[in-house]
Amino acid sequence: MGLRERKKEKTRLAILDAALDLFLEQGYEMTTVEQIAGSVEISARTFFRYFTGKEHVVLWFHDHSEEVLTEALLHRPDDEPPFTSLLQALRVMMREFNDATPDDTERFMKMQRLIESNPALAGRSVARGVETERRLAVEVARRQGLDPAVHQLPHMVVAYAMATVRVGFECPRPKITSMGEMFDRVEAALTLAERSFRPGWDLAG
């Protein structure tokens, strides 16, 4: 990463940190973009060069995770069973979480607290997850030679894979205290899924 990119990354993280702290201190609805920008001594116009709005800040980790997951899936062999490809891509995403810096871990935990305490943001997070699953289904369908607008199988493959991750996050108890714990729980759920499905169930025809 060059100097310009490092400066941009530093500014983005400063905005993210300031926004999360303000959201938790005074409430998401009560916090304005102008307040966030002022706390890091930038203009609102500069804020919008990095984020489209307050909601984008809250869902930033989701956007980043989708980017990592999609890229990992695109690099899996086309002749690999779709469910296997998706589980392996999810492992790449989870390794990214597990390798996070202490600062990134703190940001993620703050974001989780914020979403859990705000029903509207929780709903938007769920809706954002649905958008991700639809995009993943398009890639899975391509691998299967199917039309995602017609066939259910690609959507089923994605739904089962993402449900596996949710089980890892939420079961047997919802509270996660560290990235390492989250990684271990999701890995256990992925391993359970691998041994629970009949080979070939995810193949078309």
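UniProt, in an unreviewed entry, annotates residues 9–69 as "domain: HTH tetR-type"; such positions follow the numbering used here, feature names are shortened, and annotations may be inferred rather than shown by experiment. That span is 77% helix and 0% strand, with its end C-alpha atoms 21 Å apart. What you have here is a predicted model, where local features need pLDDT of at least 70, side-chain atom pairs count only at pLDDT 80 or more, and totals for chains, interfaces and linings use all residues. Residues are numbered from 1 along each chain as its sequence is written, and side-chain values use heavy atoms, leaving out hydrogens and water.

**Overall build**

- The protein has 10 helices and 0 strands, where helices (H or I, at least four residues) and strands (E, at least two) are DSSP runs numbered from the N terminus.
- Read from the N terminus, the element order is α-α-α-α-α-α-α-α-α-α.
- The C-alpha trace spans about 60 × 35 × 35 Å along its principal axes.
- Of the 205 residues, 41% count as buried; buried means under 20% relative accessible area, exposed over 50%, and partly exposed in between (1.4 Å probe, protein chains only).
- Take contacts (heavy atoms within 4.5 Å) between residues at least 6 apart in sequence: 64% of them join residues at least 24 apart.

- Residues 32–51 are 70% helix and 0% strand, and the C-alpha atoms at the ends sit 13 Å apart.
- Glu-41 is in the loop between α2 (33–39) and α3 (44–50), and its phi is near 60°, a positive value in a residue other than glycine.
- Glu-41 counts as exposed because its relative accessible area is 75%.
- Val-40 also has its place in the loop between α2 and α3, but it is partly exposed, at 23% relative accessible area.
- Not counting residues up to four places away in sequence, Val-40 touches Ala-14, Ile-15 and Ala-18.
- Val-40 and Glu-71 are 31 residues apart in sequence and 32 Å apart in space, C-alpha to C-alpha.

**Nonpolar core**

- In soluble globular proteins, nonpolar side chains tend to be buried together.
- The largest nonpolar core here has 51 residues; a core like this is a set of buried Ala, Val, Leu, Ile, Met, Phe, Trp, Tyr and Cys residues joined through side-chain atoms within 4.5 Å.
- Helix α6 (residues 82–98) gives the largest share of this core, 8 residues.
- The residues with the most contacts inside the core are Leu-16, Phe-23, Phe-47, Leu-90, Phe-97 and Met-182.
- Phe-47, setting aside its neighbours within four places in sequence, is in contact with Ile-15, Val-33, Ile-36, Ala-37, Ile-42, Gly-53, Lys-54 and Val-57.

- Arg-107 is found in helix α7 (residues 102–117) and counts as buried because its relative accessibility is 8%.
- Beyond four places in sequence, Arg-107 touches Leu-13, Leu-16, Asp-17, Leu-20 and Phe-61.
- Arg-107 and Leu-13 lie 94 residues apart in sequence, with 9.4 Å between their C-alpha atoms.
- Glu-66 lies in helix α5 (residues 60–74) and is buried too, at 10% relative accessibility.
- The side chains of Glu-66 and Arg-128 are joined by a polar contact of 2.7 Å, meaning a pair of N or O atoms within 3.5 Å; within protein, one must be able to donate a hydrogen and the other to accept it, and residues adjacent in sequence count only if both atoms are side-chain atoms.
- Leaving out neighbours within four places in sequence, Glu-66 is in contact with Arg-128, Thr-132 and Arg-135.

**Largest pocket**

- The largest pocket holds about 1100 Å³ of space, a volume being the space filled by probe spheres set on grid points joined across faces, edges and corners.
- Of its 33 lining residues, the closest to the centre are His-62, Phe-108, Gln-112, Ser-125 and Phe-169.
- On a 1 Å grid over the protein atoms alone, with a 1.4 Å probe, a pocket is an open set with protein on both sides within 12 Å along at least five of seven lines, and lining residues have an atom within 4 Å of a point.
- At least two lining residues come from each of α5, α6, α7, α8 (119–144) and α9 (153–170).
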